[in-house]
Amino acid sequence: MEQESELVTGEAVVLDVRAAKLASRGLAMMLDVVLQLVALVVAMLVLSQVAVFGDEALALTLFLVTLVLIMVGYPVICETLSRGRTLGKMALGLRVVRTDGGPVRFRHALVRGLAGFFIDFWALGMLGVVAVVTSLLSPNGRRVGDYLAGTLVIRERMPAARTPYVGMPPQLAYWASQLDLTRLPNDLALAVRQYLSRTSELRPEAAEALGYGLAQQVAAAIGTPVPPGVPSWAYLSAVLAERRQRDQAKLQPTVQYGPPVVQSYPQPAAPAPAPAPVAQPQPPAEPAPENPFAPPS
């Protein structure tokens, strides 16, 4: 489960992020727990040899120290060195960040690690019940350690944003070249571009209703109504394609040429004048086909 969230940086810049919810965080936690259990088993095998050939009290002390290092030190060290990622979070594409969008420091990782051991999961967390309940009640899936440390777990691997290709309908190419697009607002053009990129994802009736509303807004902005018989999506595509073509033309560098260099060469003898060609009668020019999408006069 994922949910888009907004983080406000110290410079009052709003960041749109995708907060990791219970499912992805739980799976990352399970991977980390498996690694920790493997490390504990290896530590117990090593310390059992110390208990056999040495002092049992020393072996118990070393085991407690190893337990704390594995259960608390593992997430703290990993999140500090990798800027908010454990091995489980790396596998799931998650990262811990501050609530202002910045990277976590050692103090944030330490607070999260201690709260995870004593409150969220093990000592008082009833094997993760506290963390699960807190994450379900939080709008961004935060547990107690996140609230105490001022952190948030987000998803780094998000689907790449699709850039829609807005093509010019051939029937509207000449008509669109006569439009005055200087009064088309940028936010309205962006809304039209987003609509054209999601047309295939909408139901036909919803796409038609939304396209009609946008076409009316564009027509009111540029002062040119939708030509009769032209669908809304074709009208919007023609307007955006023509706007893009004009913007690209403005970015083209202007090449300036200097005056031509005149060189003198020996002039050859003038040839005899050729007889004037006889003018041939030209067939009458065929009239240009009428544009089926031309706006009414």
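**View A. Phe118 is partly exposed, with a relative accessible area of 43%.** Here, buried means under 20% relative accessible area, exposed means over 50%, and partly exposed is in between (1.4 Å probe, protein chains only). This is a predicted model, in which local features need pLDDT of at least 70 and side-chain atom pairs count only at pLDDT 80 or more, while totals for chains, interfaces and linings use all residues. Residues are numbered from 1 along each chain as its sequence is written, and side-chain values use heavy atoms, with hydrogens and water left out.

View B. Phe121 and Trp122 make a tilted pair, with 6.3 Å from centre to centre and 45° between the planes. Of these two residues, Phe121 is buried, at 16% relative accessible area, whereas Trp122 is partly exposed, at 29%.

**View C. Arg142 lies over the face of the Tyr147 ring.** The distance to the ring centre is 4.4 Å. A charge sits over a ring if NZ of Lys or CZ of Arg is within 6 Å of the ring centre and within 35 degrees of the ring normal.

**View D. Gln36 sits in helix 1, which spans residues 22–53.** Helices (H or I, at least four residues) and strands (E, at least two) are DSSP runs, numbered from the N terminus. Gln36 and Pro75 are 39 residues apart along the chain, and their C-alpha atoms are separated by 9.8 Å.

**View E. Helix 1 meets helix 2, residues 56–81.** The two axes come within 10 Å and cross at roughly 165°. Axes are lines fitted to C-alpha atoms, for helices over the stretch in contact, and angles run from 0 to 180 degrees between N-to-C directions. Helix 1 and helix 2 are therefore roughly antiparallel (over 145 degrees; under 35 is roughly parallel, 65 to 115 roughly perpendicular, and the rest oblique). Their crossing is right-handed. Among the residues making the contact are Leu35, Gln36 and Ala39 of helix 1, and Ile70, Met71 and Tyr74 of helix 2.

**View F. Helix 8 packs with helix 10.** Helix 8 covers residues 186–197 and helix 10 covers residues 232–251; the angle is about 125° and the axes are 10 Å apart. These two helices are therefore oblique to each other. Which hand does the crossing of helix 8 and helix 10 have? The crossing is left-handed. Helix 8 brings Asn186, Ala189, Val192, Arg193, Tyr195 and Leu196 to meet Trp233, Leu236, Ser237, Leu240 and Arg243 in helix 10.

**View G. Stepping back, the chain has 10 helices and four strands.** Along the sequence they follow the pattern β-β-α-α-α-β-α-α-α-β-α-α-α-α. Of the 297 residues in the chain, 35% are buried.

Technical notes
Rings of Phe, Tyr and Trp (its six-membered ring) pair if their centres lie within 6.5 Å; planes under 30 degrees apart count as stacked, over 60 as edge-to-face and the rest as tilted. A crossing is left-handed if the near helix is turned anticlockwise from the far one by less than a right angle, and right-handed if clockwise. Contact means heavy atoms within 4.5 Å.
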